[in-house]
Amino acid sequence: TRMLHAPEPSEPEPATPLPHGAAPQPNQGSELVFIPPGPFTMGGRDEDSPRSERPAHTVVLTGYYIDLYPVTNQQYRDFAQATGHRLPLHWAHGTYPASTGNHPVVNVSWHDACAYAEWAGKRLPTEAEWEHACRGKEDDKKYPWGAEDPTEDQAHFGSQEGGPVAVCSKARNDFGLCDMVGNAWEWTSDCYGR
């Protein structure tokens, strides 16, 4: 889950995100990255794309801020402790597994994600906002880093065992966002639709 904050017109852009390879500490709050307004091409562009993602089409978005990285276990625990909200089922003894405070929280429902967002004073991004942030500044790429299939240096995915890894430990896209491919599934505010 990644949160979004729509800026007021007078809000300045936030500071530059952490440099590549510098992982946030589990107890840090979220850093926000500004995604500028404008058009982008949403959806699948080739025959390999699922039919439900075609045809590609232009969407125009206003500017918005999105979290640099997905919500971590530590952030979610802070929320649960402050509100009494339920914990993910795999957490034993009221907390996340040892040494995973800066890993993305998993096993949370859409309703859990919305409750966290409200508590944090944010909201879930729409599918279009998330896809635009994921694609980066040049939206004609298949993946945030280009067209080639991901490597283990670029994303945590597929048969890599052990569950999610620490946020921001893989390649970033050209907006500077972490974990836009792989590591953990992320919720958006809209329902799935063609």
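This is a predicted model: local features need pLDDT of at least 70, side-chain atom pairs count only at pLDDT 80 or more; totals for chains, interfaces and linings use all residues.

User: Okay. How many helices and strands are there in the chain?

Analyst: The chain has 3 helices and 5 strands. Along the sequence they run β-β-β-β-β-α-α-α.

User: And what share of the residues counts as buried?

Analyst: It's 43% of the 194 residues.

User: Which residues have the most contacts inside the largest nonpolar core?

Analyst: Ile35, Ala133 and Leu177 do. That core has 20 residues. At least two residues each come from strand 2 (32-35), strand 3 (38-42), strand 4 (57-61), strand 5 (64-67) and helix 3 (127-135).

User: Which of them gives the most?

Analyst: Helix 3, with 4 residues.

User: What does Leu177 touch?

Analyst: Leaving out residues up to four places away in sequence, Leu177 touches Val33, Ile35, Ile66, Asp67, Leu68, Ala133 and Arg172. There is also a second, separate core of 8 residues. Tyr76, Trp91, Val105 and Tyr116 are among them.

User: Switching to pockets. How much space lies in the largest one?

Analyst: About 1600 Å³. The lining has 45 residues. Glu53, Glu127, Trp130, Glu131 and Trp185 lie nearest the centre of the pocket.

User: Which element supplies the largest share of the lining?

Analyst: Helix 3 again, with 5 residues. By class, the lining has 19 nonpolar, 11 polar and 15 charged residues.

User: Where does Glu186 sit?

Analyst: Glu186 is in the segment after helix 3.

User: Is Glu186 buried or exposed?

Analyst: Glu186 has a relative accessible area of 17%, so it counts as buried. The cut-off for buried is under 20%.

User: What does the side chain of Glu186 make a polar contact with?

Analyst: With the side chain of Trp130, at 3.3 Å. Trp130 is also one of the residues nearest the centre of the largest pocket.

User: Last topic, helix 1. Which of its residues are buried?

Analyst: Helix 1 covers residues 73-83, and Asn73, Gln74, Gln75, Tyr76, Phe79 and Ala80 are buried there.

Key:
Residues are numbered from 1 along each chain as its sequence is written. Side-chain values use heavy atoms; hydrogens and water are left out. A nonpolar core is a set of buried Ala, Val, Leu, Ile, Met, Phe, Trp, Tyr and Cys residues joined through side-chain atoms within 4.5 Å. Buried means under 20% relative accessible area, exposed over 50%, partly exposed in between (1.4 Å probe, protein chains only). Contact means heavy atoms within 4.5 Å. A polar contact is a pair of N or O atoms within 3.5 Å; within protein, one must be able to donate a hydrogen and the other to accept it, and residues adjacent in sequence count only if both atoms are side-chain atoms. On a 1 Å grid over the protein atoms alone, a cavity is a set of points where a 1.4 Å probe fits but cannot get out, and a pocket is an open set with protein on both sides within 12 Å along at least five of seven lines; lining residues have an atom within 4 Å of a point. Grid points are joined across faces, edges and corners, and a volume is the space filled by probe spheres set on the points. Ala, Val, Leu, Ile, Met, Phe, Trp, Tyr, Cys and Pro count as nonpolar, Asp, Glu, Lys and Arg as charged, and the others, Gly among them, as polar.
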